[in-house]
Amino acid sequence: MTASEIIFWFLSVLALFSAIMVLISRNPVHSVLWLIVVFFAISGHYILLNAQFLAIVNLIVYAGAIMVLFLFVIMLMNLNTETEPQRNTWLKVIGVISGGLLLTVMVSAARSAGELSNKTALIGAGDIGLIQNLGKVLFNQYVVPFEITSVLFLSAMVGAVVIGKKD
Amino acid sequence: MICSIIVRNKGSFRHIAAFGLLILLIANILETYGKDFFHVNTMQLLQFDRFGFLFNSIALGATLIYVLLTGKEIEKSGKYAAEYFTLIFFVLCGIFILSAYDNLLMLFLGIEIMSIPLYILTGSDKRNLKSNEAALKYFLMGAFSTGLMLMGIALMYGGTGTFQLEVQRISVGMYKGVSFLEITGLLFLMVAMAFKVSAAPFHFWTPDVYDGAPAVFTSFMATIVKAAAFVAFIKLCDVRMTATLGAIDWKLLFALIIVFTLLIGNITAVFQQSVKRMLAYSSIAQAGFMLFALFNVNDVAKEGLLLYTAAYSLATIGIFAILVKMKDYTFEGYNGLAKTQPVLAATNTVFLLSLAGIPLTAGFFAKYYMLAAVVKTGSYIWLVVVGVLFAAVSVYYYFRVIQAMYFRNGNAATETITFSFKTGLIILAAIIILIGILPQVLLNWFYF
Amino acid sequence: MILVWMISILLTGGLLCWLAGRRNNELVKWIALLTLLVDFVLVGNLWFQHQGVVTSGASTWFIDYKINWIPSFGISFHVAADGLSAVMLALTFFLGILSVLCSWNEITQRTGFYYFNLLWTLAGITGVFVALDLFLFYFFWEVMLVPMYFLIAIWGDKNRRYAAYKFFIFTQAGGLLMLISILTLYFIHASQTGTYSYDYFDLLNTKPEPSTAKWIMMGFMIAFVIKLPVVPFHNWLPDAHSEAPTAGSLILAGLLLKTGAYGIIRFVLPLFPQASAEIAWWAMLFGVIGIIYGAMLAFAQTDVKRLIAYTSVSHMGFVLLGIFAFREMAMQGVVMQMVTHGISTGALFVLAGMIKERLHTRDIGQMGGLWTSMPAMGGVAMVFTMASLGLPALGNFVAEFLILMGTFFVNVPFTVIATLGLVFSALYSLRLMQKVFMGPPKEEKHLKDFSTRELIIMAVLSISIVFLGLYPQPVMDMVKGVVLHLTMRS
């Protein structure tokens, strides 16, 4: 077992464990904190795949910006165990059943798909994830979507102004 | 060549009156296809074809009519008239991308550019709780569907190794060269698109959002935007779903969605008390009809979809333009409109008849096309029968409005109606009837 | 071209009426009347030009006019007339004139719009009787519905909205099913020959698979039997007939029902000779059921207009029976029945309308003894109830006799049962007469007898029914070619 394999397994277990903790912790603040751990673990995976840019962006955007937003919302709404509304047990059961069914179908389909078996991720190889290459692709082949994204942001900004301005 | 850029530049300054002319200008530019104004190498991300151009002209024309008819209402609906117009132009920009995309990335961007301004427009009536609720609902559900869409696109990338719409396929392997990942991705994408076109069972947002949003913006959402989503959908179906037919029975899936959509849209529409809400459900039902085009993509279906979107958009814009002027949005509010505002009532009748698909109106040919597209396949005739029966049901609720206007007594209160508004309506009705009598006028353009 | 003129005269007349209705109500009526008179003269002219042209084997069409409409689909504006069309057209304009006359005073509100709808319905019906392009046929089929819906829903009686809805949705559903059939046939034709065409003559040569043909034919049949109406689909009829204004009932009973029969004769039989022969037995069965069922229900009604409506169901049973006997004699009878039923039932509806105008009720229980105050009306009513029960020397007798004769060769039991239906018809007709006109007067009220206008209407109707009863030859000659052609094919 090489070092990278050990890291891989460690990160995977960490990611799964903390993902489960996100779901089962009673305190929403704890959930959010566990989620941050998940993101860190996944970023670790990205680094293993030699995709540094993605790893950093993942951390900055998700663990940084979005988590802060989450915490902010939770604090604003003052959520905690007591105020959590009682959910219908039936809904829970139905949710579990339908979710489980979907999972079963997906897993079995994935298992039967021949193309996926005997394939492993390339660890530490490939340079597609490097910032340099990414930049080249972004400004050559994908320059149009890159530009058009600015329209998207502009529209979102206008929208935010419209919504946010005082009447 | 990139029309979206033109729009973006001009969108920032808005002379309300000049707007119409501006759009008309662009529409004309598009009309004279073949002429390149400035060429942008899009790296095969956007593909401007005849179909897209035609749709763009329809969308522009419809928007022009929309702005001309209800421009005043847009200004009235909130403090930021300028911003509303800008947002509408952003939406249009998204629509142009959707009609030309050749790459799944562009599809995603187009859908987002189209949707985000809509979330804002839905909530533009800030003091109205319903409008706020609608905007939030729309946003959350929309965000969720976006997530699904991205997931789908990612899976498809995993399956084929490209974002391009057209994929070179090597037909070996278990599913005739179709990757399992691609199918799963397509399914996700289909769900997301079905959400955008409000096909059942992903339609739940539609009635609330259409009802909650200010009526002017509902009109825009229900017509042009929806049509654009359909165009994007049909492009997707045309290439990807047809290619993967060997692996999965899309037809059956679509047949089920169609039946479900028609059922829910029509049956629920029957029980509505508010005309606005009824129109929301009827738009679901109409979506069911438009789905016929996706069921079997061929030339008839493509032409038909264009005709349908044109007919449906024109009629719905007209109905909403009148609805906006009404003081009371319930059926009772329309009572006796024929006495107080005969012109409004008469034109509204034409629009409703068109939606119901009665001959002599554009809606009839639109429905005819849809049915023909499916009948042409030779199978799934039962689907056509179902469609037809629901078309008969739809007559019921459209005629309820006509009934209220003509046969019931009451004082339908309207806001002041200007002469130019009436003229606009009459012209719109005349267009609908013209297409209904001589569809050739429009159809002659449709050969691509 | 003359056919196009007929339709366009009606359409423009309708528009003129609507426009004139804003200013002058009197003018509107005259415009409507004039429009129909012109059309009637046109069709009369047509009739006399082509009288006695019975050439067996050769084309039975004497006018054929075709221009392209939507060439990309092979849709053309193809209208043509043969003997059958000519007879139906004559009936259309004849009843049209009467319907204008009988609504002369009845309609006081929105007169312009009323006549607009009336004329457009008639235009749709005219179109149906002459269209030879299946798409065009469907088009006209729908065009006649919408104005009729308005006629019932605006100027009808208390329950008018319900009735109008029912009428519209029933026929619309049928029509759309027919559209599917038309489309299927169109695509089958295209796949066989490679050309897209909705033309009647092109589609005649299409030979779909027998099993497919059966389904396609069912689509047509459903549309037509809803219109006719045949028993399980007759539900809309009593409501629509009884709630419609007098002219509406007149057109419904006199003309709209005939479009169903016309459709079967013109389209179902020639397009699907095989399949229609297969269902003949069932069709005849339903015809007989209709005869008996309609008659029995008619007997049970207390509402004059409803009663007459059910007699229509009964009479239309004869039509269905006759069509599917595939005998020349029966087919002649069917055409006769269509004409005479149009006249006699139309007349009864007009009478019912007149009574209602005077008594403000349609309930038989509140009538009685009207003969004393209105002897002329009683007399006329007598003539038409007798016609309806099939008294010799009146038109209906000829028709029903021919149908029964024709079917007797084909199916004896059905004929016997159908003849029993005649007995029932005597029962309900006499009951109608007795309750309304005989007996002691219910209330001492002075009721006006016929006005001059009403007298003219009734005189024209009575003369025509007697004339057809004594000398049906012109009609029979007119349709002879068509009938021969039809029965020879199948």
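Trainee: Where is the place of Leu360(B)?
Mentor: In this predicted model, Leu360(B) sits in the loop between helix 14 (342-356) and helix 15 (362-375) of chain B.

Trainee: What about its phi?
Mentor: Leu360(B) has a positive phi of about 80 degrees, although it is not a glycine.

Trainee: Is Leu360(B) exposed, partly exposed or buried, and why?
Mentor: Leu360(B) is partly exposed, because 18 other C-beta atoms lie within 10 Å. Being buried takes 20 or more.

Trainee: Which residue of chain C has a positive phi although it is not a glycine?
Mentor: Ala393(C), with a phi of about 80 degrees. Ala393(C) lies in the loop between helix 16 (375-389) and helix 17 (395-408) of chain C. It counts as exposed, because it has 12 other C-beta atoms within 10 Å.

Trainee: And which peptide bond is cis?
Mentor: The one from Leu228(C) to Pro229(C), with omega near -15 degrees. Pro229(C) is in the loop between helix 9 and helix 10 of chain C.

Trainee: Back to chain B. Where does Gly336(B) lie?
Mentor: In the loop between helix 12 (299-325) and helix 13 (337-340) of chain B. Gly336(B) is partly exposed, with 18 other C-beta atoms within 10 Å.

Trainee: What is Gly336(B) in contact with, leaving aside its neighbours within four places in sequence?
Mentor: Arg408(B), Asn409(B), Gly410(B), Asn411(B) and Ala412(B). Also, the C-alpha atoms of Gly336(B) and Ile402(B) are separated by 9.8 Å, and these two are 66 residues apart along the chain.

Trainee: New topic. Which residues touch the most other members of the largest nonpolar core?
Mentor: Met193(B), Ala228(B), Ala232(B), Leu291(B), Leu314(B), Val87(C) and Leu351(C). That core has 386 residues. Helix 9 (residues 215-243) of chain B gives the largest share, 19 residues.

Trainee: Take Met193(B). What is in contact with it, neighbours within four places aside?
Mentor: Ala229(B), Ala232(B), Phe233(B) and Leu236(B) are in contact with Met193(B).

Trainee: How many residues of chain C are in contact with chain B?
Mentor: 21 residues of chain C, and they meet 23 residues of chain B. On the chain C side, helix 5 (134-143), helix 6 (145-155) and helix 7 (160-193) each supply at least two residues. Helix 7 of chain C gives the most, with 13 residues.

Trainee: What classes make up that side of chain C?
Mentor: The side of chain C that touches chain B has 16 nonpolar, three polar and two charged residues.

Trainee: What does the domain assignment of chain C give?
Mentor: Domain 1 (1-271) and domain 2 (272-490). Their centres, taken over C-alpha atoms, are 22 Å apart. The contact takes 45 residues from domain 1 of chain C and 47 residues from domain 2 of chain C.

Trainee: Which elements give two or more residues to the domain 1 side?
Mentor: Helix 3 (83-102), helix 9 (210-227), helix 10 (236-243) and helix 11 (246-271) of chain C. Helix 11 of chain C brings the largest share of that side, 15 residues. By class, the domain 1 side has 30 nonpolar, 11 polar and four charged residues.

Trainee: Why is helix 4 of chain C described as largely enclosed?
Mentor: Because 20 of its 20 residues are buried. Helix 4 (residues 111-130) should span 28 Å at 1.5 Å a residue, and its end C-alpha atoms are 29 Å apart, which agrees.

Trainee: And helix 13 of chain C: how many residues are buried?
Mentor: 20 of the 20, so helix 13 of chain C is largely enclosed by the rest of the structure. Helix 13 (residues 304-323) reaches 29 Å from its first C-alpha to its last, close to the 28 Å expected.

Trainee: How many helices and strands are in chain A?
Mentor: Six helices and zero strands. Buried residues make up 10% of its 167 residues. Of the contacts in chain A between residues at least 6 apart in sequence, 61% join residues at least 24 apart.

Trainee: What are those numbers for chain B?
Mentor: Chain B has 18 helices and zero strands. Buried residues are 61% of its 448 residues. For contacts in chain B between residues at least 6 apart, 81% join residues at least 24 apart.

Trainee: Last one: what does the model score?
Mentor: ipTM 0.78 and pTM 0.83. Chain C averages a pLDDT of 86, and 97% of its residues score at least 70.

Methods
Residues numbered from 1 in each chain as written. Chains lettered and ligands numbered in written order. Predicted model: local features only at pLDDT ≥ 70, side-chain atom pairs only at ≥ 80, totals over all residues. Core = buried A, V, L, I, M, F, W, Y, C linked by C-beta atoms within 7 Å. Helix = DSSP H or I, 4+ residues; strand = E, 2+ residues; numbered from the N terminus. Contact = placed C-beta atoms within 7 Å. pLDDT = per-residue confidence, 0-100. Domains from an automatic or database assignment. Nonpolar A, V, L, I, M, F, W, Y, C, P; charged D, E, K, R; others polar. Expected span 1.5 Å × (residues − 1).
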